[in-house]
Structure formats: structure tokens, C-alpha cells
Amino acid sequence: MTTPDAALDASLDAAPLDAADPLASFRDRFVQGGDTVSYLDGNSLGRPLRRTVERLPPFVQQEWGERLIRSWDETWMGLPFELGDAIGAATLGAAPGQTVVGDSTTVLLYKLMRAALTARPGRSRVVVDDDNFPTDRFLMEGIARELGLELDIIEVDRSIGVTPDQLSAVVSDETALVVLSHVAYRSGYLADMPGLTRLAHDAGALILWDVCHSAGAVPMQVDEWGVDIAVGCSYKYLNGGPGAPAFAYVRRGLQAELEQPIQGWMGAADVFAMADVYVPAEGMRRFLSGTPPVLAMQPITDMVDLVAEAGIEAIRTKSVALTEYALRLTDALLAPLGVTVSTPRDPELRGSHVTVSHARFREVTAALWRRGIIPDFRSPDGLRIGLSPLSTSFAEVRLGVDAIREELERETAV
Ligand SMILES: Cc1ncc(COP(=O)(O)O)c(C=O)c1O
Ligand SMILES: Nc1c(O)cccc1C(=O)C[C@H](N)C(=O)O
């Protein structure tokens, strides 16, 4: 096994970075333990909060077990909107009344894509990019088939993402909707949300942003930037737990124009009127369909409080420091083994994960998991180092990259 001089380089030492980190104490708020040595996959599933562990039993005992159905009136009916507003304030830059917590990300995306199309009748084209998350592309393909629309697919250079020139070249007065990701799940590329939103609007189109990989890690100003619709998941940087429900933002001025396709009783104007005919509610309630997943919203509440306490700008500062550190370690320790960087080096173009590439990373990731070092692998050759600003230390990143080097050396030794 080689020990590059770089491994001894004091500038790569994690200890001073952790010592100087103003958010370091937030790590103690998360559940630790088990055999995980370095968790680098909070961009797939965030760690639970200790507060959540403490709060769930009393929730079950009191709000559910003792108040029973009365809790719907007392707290639960309002929760999708209260929690939505809290997400909007802490992470999106959204004023109240525009964000709701609802179904899974995929289902909310479907509902909002379909709804957006009702507000642009007569336009026959929709724009997606070929590196968007599969669910976004599959949904748009299905909806285009269902409604007889044409798809314009932007071919993305995966280390750059959708550029303004590419979007300008494809949008026209026939475009109804543009669907893009704020942070690309594969490369971590951070798109220019205000600039691309303006371009879509200049053509009279609506834009829907998938903010799964940015919510809770990258600040947004959706109100100020005129974003029409944003949908994000809550189990990554909002630590809501496996399968936690997603949230949707719809610009206030647009809400009344949108008709969503799953007309359930919870989206009706008067839920308990049990009316004969569906009349959509005013405001964000119209985007609900069935009974809200109240139990699954509890952990999200805890993390949104924590994000508000730490402040999204401070979280972003730490996120940038973590990704810079991961890149410096990669250059020093992994590049000599043939590893390349698939994430933009400019921090302004990068979310909170770094993707590094090598033909043997599938095997390397499997070996790392056996050692309790947990990044993830994305086909064909990408190892994602996910950096959750409030729960990841610089020492964890150093441990992780050292282990990647060791396993890669082992893999390539034969
Ligand atoms: C960018 C992006 N969009 C959508 C999804 C799909 O969300 P869900 O499985 O919660 O429906 C994910 C992750 O799974 C994602 O990373
Ligand atoms: N949502 C996931 C799941 O239910 C199981 C395993 C992984 C995931 C993921 O989060 C995938 C993820 N959105 C991605 O960026 O690749």
C-alpha cells in the first residue's frame, strides 16, 4: 500500500477544520452509533435526530393514543400547511401559504406537472434534460404520452448541467413547462435557478424545479426569483426518515390556475361537507388528495426547527467547506490512482455532494460498506460523497477518503 506524502500534508488535516467549525456542536443532536465509521450518504437518507427519538413515543401516547380522532381538529389537519410554511421559511425563501407537505416526491411531481399543464393550454411542448433523476424523466415521458405532448430533451454535459444557452435554444412559445433539478443527483451540479427561471418565463412557459438535493443544504429565494413550482423530498437534508413525505411550493399567483389530477376529498373546498361534486379548495389545500401522513411528518418538524436554528446560510457555508475539503483530499489522495472529479470545482456551481469517478468504484463501494464507510455508488462509475452540513464532520470525510484510497489500491493491485 502506498502512503503518498500528501497523506501527511498538514493542510489536509481535519482536526483544525472541525475545531474551527461553528456548527460542530450540531452533530451531537443526531443519533450516532452502530458500526458506521463515516456516513457520507446523507444526500440519500439523512440521520435521525435524537429529538425525534424522544418525541415519537409521547406523540404516539398522547396525540394519537389519548386525543385519538380529536387530534385531527386540534393539530393534524393544519400540519401539512404549518410544516410546509416552516420548510418554506427555513429553506426555500417562501412566504407562508405557498408550501404544503403531501405525498411521495414522485406523486407530488406527477400532480404538479399535470397541474402546470392545465395552466398553459394550447402549448404542446415540455422540456426536460437527459440527466434529470429517473422519476422526473419517466413521469414527464408518461404525461407527454398521456396528453399527446412533444418532449424536448436537453442533452446535458454531466459535469456542467443545463446551461442558459441550452435552455434558450429549446424553449419557445409552444413550451408549456420546463422541468429541471436544482442540484443534479449524479454530479452535484447546482443550476442557476433564477436565470433559468427567467428564461422559461421569457418564453411564457412555467418552470418546475426538483429541489430534492438542495432543500436544507442550499439556500433558495423562490419568491424573489419568481419560481412557479418546486417539489422536494424530506428524507435527505431534512432528515424526515425513509419514505418521509415530500413538499411542494406553488407561487401564490399561480395556485388558482392549477388543477391537479388526483381529486381527492382532502383537496376539496369543504373537506367534511362530503359534497356530491368536487370543488377544489382555495390555496395550497387543493394540492392534497388523501389523508396526510401525519406520523411521517413528525421527524421533518424536528429537522426543520434545527435548520432554522442553525440558519440556512451558515449551513451552506459549512457545506461549501466540506465539499472543498473532499475535493482537496480527492486531488491529493485519489487522483494519483486515476480517480477523476465529476462535480464542478466552482463552489457556486456545486450542491452538497461530491462525485468522484473510477471504473472500479462499484466494487470499492461494496468493500467500504463492509467497513462501515458509507458513500453510495451511481452507475456507471460514480461514487457520491454526500455531505450533510449539520451531521458530517471533517474527520468523517478524511476517514472516508482514506478508506476509498485503501480499497481502490486493493482493488487495482491484482
Ligand atoms: C432528484 C430526485 N427526485 C426525485 C426523487 C424520487 O423521490 P421519491 O422516491 O421520494 O418519490 C429522488 C430520490 O429518490 C431524487 O433524488
Ligand atoms: N429514495 C431512495 C430510496 O427510497 C432508496 C434508496 C435510495 C434512495 C435515494 O434517495 C436515491 C436518491 N434520490 C439519489 O439521489 O440517488
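Let's start with Thr106, which is partly exposed, with 17 other C-beta atoms within 10 Å (buried means 20 or more such atoms, exposed 12 or fewer, partly exposed in between, with C-beta atoms placed from the backbone). This is a predicted model, where local features need pLDDT of at least 70, side-chain atom pairs count only at pLDDT 80 or more, and totals for chains, interfaces and linings use all residues. Residues are numbered from 1 along each chain as its sequence is written, while chains are lettered from A and ligands numbered from 1 in the order in which they are written.

**Annotated positions**
- An unreviewed UniProt entry places the feature "binding site" at positions including Thr106, Asp136 and Tyr235; such annotations may be inferred rather than shown by experiment.
- The annotated residues span 187 residues in sequence and their farthest two C-alpha atoms are 31.0 Å apart, so they do not all gather at one spot.

**Two of these residues**
- Thr106 sits in helix H5 (residues 105-118); helices are DSSP runs of H or I of at least four residues, strands are runs of E of at least two, and both are numbered from the N terminus.
- Beyond four places in sequence, Thr106 touches Thr135 and Leu139 (contact means C-beta atoms, placed from the backbone, within 7 Å).
- Tyr235 is buried, with 23 other C-beta atoms within 10 Å, and lies in the loop between strands E7 (229-232) and E8 (247-250).

**Helix H6 (134-147)**
- Asp136, Leu139, Met140 and Ile143 are buried in H6.
- These buried residues fall within an arc of 95° seen down the axis, so they line one face of the helix (the arc is that of the directions from the helix axis to the C-beta atoms).
- The face turned away carries the exposed residues Pro134, Gly142 and Arg145.

Methods: Contact = placed C-beta atoms within 7 Å.
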